[in-house]
Amino acid sequence: MQMRSVRVRVVAAVAAAGLVVAGSVTTPAAAAAPVVYVAMGDSFAAGSLVLPAKEVLTCARSAVNYASLIAQQVRPAKFRDVTCGGATTAHFANPQSGIIAGTAAPQYDALSEDTTVVSVGIGGNDIGLVGLAVSCVNLLPQPIGTSCKATNTAGGVDRLAQKIDAFAATYGTVIEQIRARAPHAKILMVGYPTGIKKGGCWPVVPVWGSDADYLQSALTRLNLRMAEQANAHGATYVDLAAPSVGHDMCKSAGTRWIEGLIPSVTTNGLVPLHPNAAGLRNAVPTVLAAMGTPAKV
């Protein structure tokens, strides 16, 4: 009777130990932190005047910009879209006067300790990209007019390239400022899409071939500097240029993802030289992949 009692106690102890071990193995992993997504940037990120709009007077922000479409898929616990038409990096730390009315708060204010992912599309307004594109317009064939390439490279010095290179370090500053406010966030630096094909398509888009190549080279250079700074500061560069090849402003309304000088209502893109609805929609899979979240079909 005594031996049986001992055996029972031993079996019970072993069983209890087994439960503890099993418990330690099968205890669920700590739940992942809820997604808190902040979208920052300029009109390319805001999807300015692509309808439907969720804000018109201050930032002309679209309800179907890529950040909003991503939020519909990811369903973050919190989503703050502070992208704004006309924004420069100066508006990340300072208020921005509205396009028509109102004032947008500094975009950094949207960041918080619990932010888990930040997408940033910025820089075009800092280097005067739209102004460059407008200066490249020539309604008459060569040589009747002025070449924007010739103007910007007079004397053998490419002043626009110098401006882009001088601006590059600002991307690093932006990344570090975001990290200081959102130390746990994954930072996605989202590049600009391909704007115009090699050689252009004058007169469909009235920019001479050499100027079209110069315009695109500036966009490519800006993307390259963004990528370099992202790599140097531990952020992730998101390339929208490669997937948008073949969808530039020279293409037909059913194919292009970026509008030319005369936007089309049929493509739902009302701002010249900016992404239309298809451009915003087709940015989503690439940005989602950088987040580590597959796109839903």
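**Disulfides and nonpolar cores of the predicted model**

A search of the whole structure identified 3 disulfides. The structure is a predicted model, and the chain comprises 10 helices and 9 strands. When the bonded cysteines are numbered in sequence order, the pairing reads 1-2, 3-4, 5-6.

Cys136 and Cys148 form another disulfide, in which the sulfur atoms are 2.0 Å apart. Because the torsion about the S-S bond of Cys136 and Cys148 is about 90°, this disulfide is right-handed. Cys136 is situated in the loop between helix H6 (129-135) and helix H7 (148-152), whereas Cys148 belongs to helix H7, so the pair ties together parts that are 12 residues apart in sequence. Relative accessibility is 0% for Cys136, which counts as buried. Cys148 counts as buried as well, at 2%.

The remaining disulfide joins Cys201 to Cys250, with an S to S distance of 2.1 Å. Its S-S torsion is about -90°, so the disulfide of Cys201 and Cys250 is left-handed. These cysteines again link distant parts of the chain, being 49 residues apart. Cys201 occupies the loop between strand E8 (186-190) and helix H9 (209-232), while Cys250 is found in the loop between strand E9 (236-238) and helix H10 (277-291). Cys201 has a relative accessibility of 13% and counts as buried. Cys250 is buried too, with a relative accessible area of 15%.

Burial and contacts were also examined for the chain as a whole. Of its 297 residues, 45% count as buried. The chain exposes about 14,100 Å², of which carbon and sulfur atoms supply 63%. Among contacts between residues at least 6 apart in sequence, 70% join residues at least 24 apart.

In soluble globular proteins, nonpolar side chains tend to be buried together. In the present model, the largest nonpolar core contains 49 residues. The members that touch the most other members are Met40, Leu111, Val118, Val120, Leu132, Ile178 and Met189. At least two residues of this core are supplied by each of strand E1 (36-41), strand E7 (117-121), H6, helix H8 (159-181), E8 and H9. H9 gives the most to the core, contributing 8 residues.

Neighbours within four places in sequence being left aside, Met189 is in contact with Val120, Tyr171, Ile175, Met226, Ala230, Ala235, Thr236, Tyr237 and Val238.

Definitions and conventions. Residues numbered from 1 in each chain as written. Predicted model: local features only at pLDDT ≥ 70, side-chain atom pairs only at ≥ 80, totals over all residues. Heavy atoms only, no water. Disulfide = S-S within 2.5 Å. Helix = DSSP H or I, 4+ residues; strand = E, 2+ residues; numbered from the N terminus. Buried < 20%, exposed > 50% of the residue type's maximum accessible area, 1.4 Å probe, protein only. Contact = heavy atoms within 4.5 Å. Areas by Shrake-Rupley, 256 points an atom, 1.4 Å probe, with all protein chains shown as cover. Core = buried A, V, L, I, M, F, W, Y, C linked by side-chain atoms within 4.5 Å.
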